[in-house]
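Subject: Structure handover

Hi,

Here is the structure for you to look through. Please open it before you read my notes.

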Amino acid sequence: MDNATRSERSRNAALEAAIAIIARDGPGRLTLDAIARESGLSKGGVMHQFRTKEAVLKALLERQMAHFEEFSAAYMAKVSKTSANPNLATQLATVREAAASPNSAALALVAAMVENPRLMALPREREMERMAAIREEATDPDLAMLRWAGAMGLLLSSLFGMSPLDKDEHQRLFARLLDDTQWTGLEQPATRAAKSAAPSAAKAATRRKRA
């Protein structure tokens, strides 16, 4: 096995160990020593990959974001020519995918970000850009935001074990949120001022990212 492959395996083992620790014991119990014990790596092996606990949490966040951004890109390519609201459709489908995925990693990440709010900056900026794109394409931006909020509510209630709905009910509600024909009769066209706020929000997020 070459060094690059060995290093990648060690990195993945450390990240999987970190997820297991946070999900089982909470983010407060995550340490480099705990990762070494959980993963079977040496402390030096863990520190070769990650110098600090924050570096581990940042890597977990980036890995989770990369997974869902890859899903979003593939979905956008599929619906961009057929959907009147491709950005909204992509975001709803991505949230549905997150809700259907095993929750241990996502819950661990939420817990970690609560402990370290600085980790929220990157996903918050990405979310603002997505919201601006959704508003810009929508006939009724407020209704589009309500559909997005409904999807997020389904995700978060499931994630925290608070949902009274079973898997089939979740899927049925997500399907309805995704179906534009269910919502066209409720649309109220936005004013020009409301629509123009969307690109301004996206530009503001971009400026913060570059700063």
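Below is what turned up, from the whole chain down to single residues.

Keep in mind that this is a predicted model.

Overall fold. The chain has 10 helices and zero strands. Read along the sequence, the pattern is α-α-α-α-α-α-α-α-α-α. The chain has 211 residues, and 36% of them count as buried.

Helix α4. This helix covers residues 53-79, which is 27 residues. How far apart are its end C-alpha atoms? They are 39 Å apart. At 1.5 Å a residue, the helix should span 39 Å, so the two values agree. Several α4 residues are buried. Among them are V56, L57, L60, L61, F68 and Y75. An α-helix has 3.6 residues a turn, so residues three or four places apart point the same way. Look at the buried set again with that in mind; M65, S72 and V79 also belong to it.

Surface. L156, F160 and M162 make a nonpolar patch of about 320 Å². F160 sits in the loop between α8 (141-159) and α9 (167-178).

Inside. There is one cavity of 30 Å³ or more. The largest cavity holds about 50 Å³ of space. Its lining is made by N85, L88, A138, D140, L143, A144, R147 and E187. Which helix gives the most to that lining? Helix α8 does, with three residues.

Best wishes

Key:
Residues numbered from 1 in each chain as written. Predicted model: local features only at pLDDT ≥ 70, side-chain atom pairs only at ≥ 80, totals over all residues. Heavy atoms only, no water. Helix = DSSP H or I, 4+ residues; strand = E, 2+ residues; numbered from the N terminus. Expected span 1.5 Å × (residues − 1). Buried < 20%, exposed > 50% of the residue type's maximum accessible area, 1.4 Å probe, protein only. Patch = residues over 30% accessible without salt bridge, like charges linked within 9 Å, V, L, I, M, F, W, Y side chains within 5 Å. Areas by Shrake-Rupley, 256 points an atom, 1.4 Å probe, with all protein chains shown as cover. Salt bridge = Lys/Arg side-chain N within 4 Å of Asp/Glu carboxyl O. 1 Å grid on protein atoms, 1.4 Å probe; cavity = no way out; pocket = protein on both sides within 12 Å on 5 of 7 lines; lining within 4 Å. Points joined across faces, edges and corners; volume = space filled by probe spheres on them.
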